[in-house]
Each structure stands twice: as structure tokens, then as C-alpha cells.
Amino acid sequence: SRLKLSSLPIRRFSTYFTKDHEWVAYNKTDRIGTVGITDHAQSQLGDVVHLDLPTIGSHFKQGDIIGVVESVKTVADVYSPISGKVVEVNSGLAKTPELVNQQAESDGWIAKIRLDQPGELDKLLDRVQYDKLLEEEQH
């Protein structure tokens, strides 16, 4: 039997990446971007032990530091891939920071930001471009 395209769920999210190894999953319906660090970033950091999360209601410009990830090896800044206002933070990371290691690009998200300028997403990388960047970094 053939799969009918009309039976597939409508994809509301698009995921973008930065050269600094952050990701944003953008929901076009509500203009919310869910932000985190990539799986590559968490693997470079090692075991995450603490995160400094942004404050709900705070406003950031693309490229601003929105948080800090502390691991057993180092401390790293997290940069906002987009401009906007923080509407939610993943408060569960306070008790289970290891979620960033286990599920960096899903349940280990850091913040949800309402985008000021969705056009900024065009400056970011898609999955294919990001994977190519990782390949180039390893050579």
C-alpha cells in the first residue's frame, strides 16, 4: 500500500542551527522558538552538572548570551540563535541537568523565546548545512 501525503501530519516546526552549536525549533503558528544546545555541543562538554537559565520575561538579541552550561570539564556560554522575549524556561533542568546530555535536541531544551524577527532564521543553518559544518570541523 502506498502512503498518501495527505495522511501525513502537517509539520509546524522547522529546526535551525548556529555555528556555535545551538539549535532553535521554530513553531510558525505561535512564533515561539525552543532553544537548546546541540548533541555535538553536549558531547564536547561532557557530563552537564548545572545550568544558568535565562529569566522569563527577559529580552535578548540574536547572539546574546542567554545562559551558561557547566559540565565536569568546563563552563560554556549559550548564545541566543534569535532575538525575542523568553516566555518559558526548562525549569526541570535544575534537578536533572543530565537531560542536556541525554536528549540535547529535545527534552534538554533550555528556553522558549517569542521571536521578534522570524527573518533572522534565514541567517541560521538547516540540518544539512549544520552536518556539513560538523564534518568540516572534524577535518
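## The three-stranded sheet

Three strands form an open sheet in the order S4-S6-S7, and their pairing is antiparallel. Strands S4 (48-52) and S7 (75-79) are at the edges. Each has a single partner strand, so one side of each lacks a neighbour in the sheet. From one strand to the next, the twist averages 25°. The model described here is predicted.

S4 and strand S6 (residues 65-71) run antiparallel, joined by four bridges. Val-48 stands opposite Ser-71 in S6.

## The largest nonpolar core

The largest nonpolar core holds 25 residues. Val-24, Ile-37, Leu-51, Ile-82, Ile-110 and Leu-121 touch the most other members. At least two residues of this core come from each of several elements, including strand S2 (22-27), strand S3 (32-37), helix H1 (39-45) and helix H2 (99-102). S4, S6 and strand S8 (84-89) are also among them. S9 gives the most, with three residues.

Nonpolar side chains tend to be buried together in soluble globular proteins.

## Ile-37 and its contacts

Leaving aside neighbours within four places in sequence, Ile-37 is in contact with residues including Trp-23, Leu-45, Val-78, Val-100 and Ile-110. His-21, Glu-22, Gln-42, Ala-104 and Glu-105 are in contact with Ile-37 too.

## A separate core

Another core, of eight residues, lies apart from the largest one. Among its members are Phe-17, Tyr-130, Leu-133 and Leu-134.

## Leu-115 in strand S9

Leu-115 sits in strand S9 (residues 111-115). Its relative accessible area is 3%, so Leu-115 is buried. Not counting residues up to four places away in sequence, Leu-115 touches Tyr-26, Arg-31, Ile-32, Gly-33, Ile-82, Ser-83, Gly-84 and Leu-121. Val-35 is 80 residues away along the chain, and its C-alpha atom is separated from that of Leu-115 by 11 Å.

Key:
Residues are numbered from 1 along each chain as its sequence is written. This is a predicted model: local features need pLDDT of at least 70, side-chain atom pairs count only at pLDDT 80 or more; totals for chains, interfaces and linings use all residues. Side-chain values use heavy atoms; hydrogens and water are left out. Two strands pair if DSSP finds at least two bridges between them. Axes are lines fitted to C-alpha atoms, for helices over the stretch in contact, and angles run from 0 to 180 degrees between N-to-C directions. Buried means under 20% relative accessible area, exposed over 50%, partly exposed in between (1.4 Å probe, protein chains only). Contact means heavy atoms within 4.5 Å. A nonpolar core is a set of buried Ala, Val, Leu, Ile, Met, Phe, Trp, Tyr and Cys residues joined through side-chain atoms within 4.5 Å.
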